[in-house]
Amino acid sequence: MGSEQQIAFFLRALRTGDTWGRAAAAKGLGKVGRDEHAWVLVESADDSAPEVREAVAMGLGRSGVAEAGRTVLPALMGDEDPWVRRRASRAAIRLGLDGPAVVDAYSRLLRDPDHHLRINALDGLAALGVPGDVPGLVALLGDPDGAVWGRARALVWRFQDAPAVGAELIRTAEQGAPDARVQALQLLPWHSTVRLLDSLVTGLRDAAAQVRIAVTRRLLDIEDAHTQDALVGALEDERDANVADFLLDALGRRGEERVTVPATRWITHSTVGPSAAYALGAAGTRTAAAVLRTALIDPTLPGRTRAAAAKAVGEAGRWDAVWLLLPHLDDPDGEVRAGAVAGLDALVQEGLRLWERHAVAEALVAHLVADPNTIWKTHNALIGLAEALPALRRTVDRTPSAEVRAAALSLLDTYNATDEHTGQDLARFVHALDDPDETVRFHAAEGLAHWLADTGTRPQNEERLRARLTALASDAAEAETRAAADEALRALDGRGPASS
């Protein structure tokens with residue numbers, strides 16, 4: 001059937017066919033008809049059958065005749081049948097319709113019970129570059145459908161500087177529905193916090209847990225005594241684990257001593273325990289220290305909590321911290337061992353007492369070799385600990401593990417620590433340039449470059465070393481190894497580091 005015959009058939013069916021015949025004709029006419037036939041579809045837009053009205057909307061979208069669509073699609077977007085509204089809204093987007101009637105139609109759909117229509121409304125408004133009905137738009141920040149609230153958030157962000165949108169965001173942040181309130185609090189610029197302060201403090205007691213977390217996040221930048229008291233009071237009364245976890249972390253970062261009692265209550269909780277341990281360590285009170293000691297040796301607590309307690313013990317830095325942590329380098333739980341390393345790392349960074357340094361150095365080097373899961377954490381804890389250098393040299397010479405060898409060699413780097421035997425490390429760096437492992441070769445080249453620069457000593461067999469470094473600078477698989485070799489060549493020539 002040719003197109004003229006098809007058009008004639010569709011025109012007849014649109015006038016005289018049954019419901020399904022009229023619907024099929026409307027769709028077909030939109031597909032094969034000419035511009036003037038779009039106006040024929042307009043005449044059928046008030047058909048008594050929703051199936052036909054839906055097909056008319058679809059046909060108009062296919063026709064490409066925007067003026068015809070403009071006459072009826074805004075009304076069809078308010079049709080009682082959701083499928084008609086859906087097809088009409090998509091057709092309006094397809095035709096690029098604009099103008100007040102279209103914007104009003106999209107705005108009404110922002111509150112439609114069908115989430116597909118809320119999506120269409122947001123897509124249409126975004127295409128037109130307008131926010132539409134501002135309260136309706138901002139309310140969708142709390143929509144349960146991710147495709148809806150995500151689009152709403154993007155549109156609100158786009159127009160957040162418009163006075164009406166900004167004012168509605170403030171109103172929603174203060175008294176909106178819980179999910180919308182959370183999104184509004186996230187979208188508002190931080191300088192709005194002072195304006196919102198009273199509602200934020202009140203929000204610490206909101207019935208919705210997600211609101212309590214959101215207002216806590218906004219209050220973190222406010223450090224006045226009233227806000228601090230409100231946060232502490234909220235933690236004391238909090239019974240939701242997620243909110244308590246957030247409050248403990250927030251107040252721990254402030255070193256608030258008054259967290260001791262509520263943190264003690266939460267430390268036995270399976271998920272909140274680590275944050276409670278962190279907050280106790282930051283509080284630094286005697287009571288907090290006693291709770292951490294007990295938690296550290298309590299086998300009934302999860303490994304994550306005991307690990308956090310170990311780290312907190314180190315960060316608190318009390319007189320017995322080293323002796324509490326060293327036995328836990330051999331704990332059966334790998335998380336606890338990692339926590340003990342983190343705690344010792346904090347102690348090393350703060351500065352160990354003279355009588356602690358050898359014991360910590362010996363234990364950490366032994367742990368470097370023994371625990372493959374914490375090699376680089378242990379490496380970091382050993383940085384600057386010159387008492388570890390003799391054992392590290394033995395480790396470089398003897399260990400079969402390439403990763404341990406790389407870590408130990410890195411710690412012999414003069415940038416990390418030196419002693420009276422540092423001059424003997426040249427041979428180790430040179431030998432390791434031929435190691436089968438790329439990471440070892442990198443640390444060998446880097447350590448060699450620093451050794452040459454810091455000691456100012458000329459190596460024996462300099463030409464042979466130069467040839468090896470030149471080859472490494474050209475052929476190493478990793479760019480960082482080539483760069484380290486090139487740095488060593490510059491140090492060999494006395495030229496210093498490359499300019500950045």
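Modeller: Here's a walk through the salt bridges, pair by pair. Bear in mind that this is a predicted model, where local features need pLDDT of at least 70, side-chain atom pairs count only at pLDDT 80 or more, and totals for chains, interfaces and linings use all residues. Residues are numbered from 1 along each chain as its sequence is written, and side-chain values use heavy atoms, leaving out hydrogens and water.

There are 34 salt bridges in the structure (a Lys or Arg side-chain nitrogen within 4 Å of an Asp or Glu carboxyl oxygen). Take Arg-181 and Asp-206, whose side chains meet at 3.1 Å, N to O. Arg-181 belongs to helix α12 and Asp-206 to the loop between α13 and α14, so this bridge ties together parts 25 residues apart in sequence (helices are DSSP runs of H or I, at least four residues, numbered from the N terminus). Arg-181 is buried at 6% relative accessibility, while Asp-206 is partly exposed at 22% (buried is under 20% relative accessible area, exposed over 50%, partly exposed in between, with a 1.4 Å probe and protein chains only).

Next up, Asp-435 and Arg-405 bridge at 2.8 Å, N to O. Asp-435 sits in the loop between α27 and α28 and Arg-405 in helix α26, so parts 30 residues apart in sequence get tied together.

Asp-493 lies in the segment after α30 and Arg-466 in helix α29, so the link spans 27 residues of sequence. Asp-493 is partly exposed, at 36% relative accessibility.

Finally, a salt-bridge network links Arg-393, Asp-397, Asp-419, Asp-425 and Arg-428.

Technical notes
Helix = DSSP H or I, 4+ residues; strand = E, 2+ residues; numbered from the N terminus.
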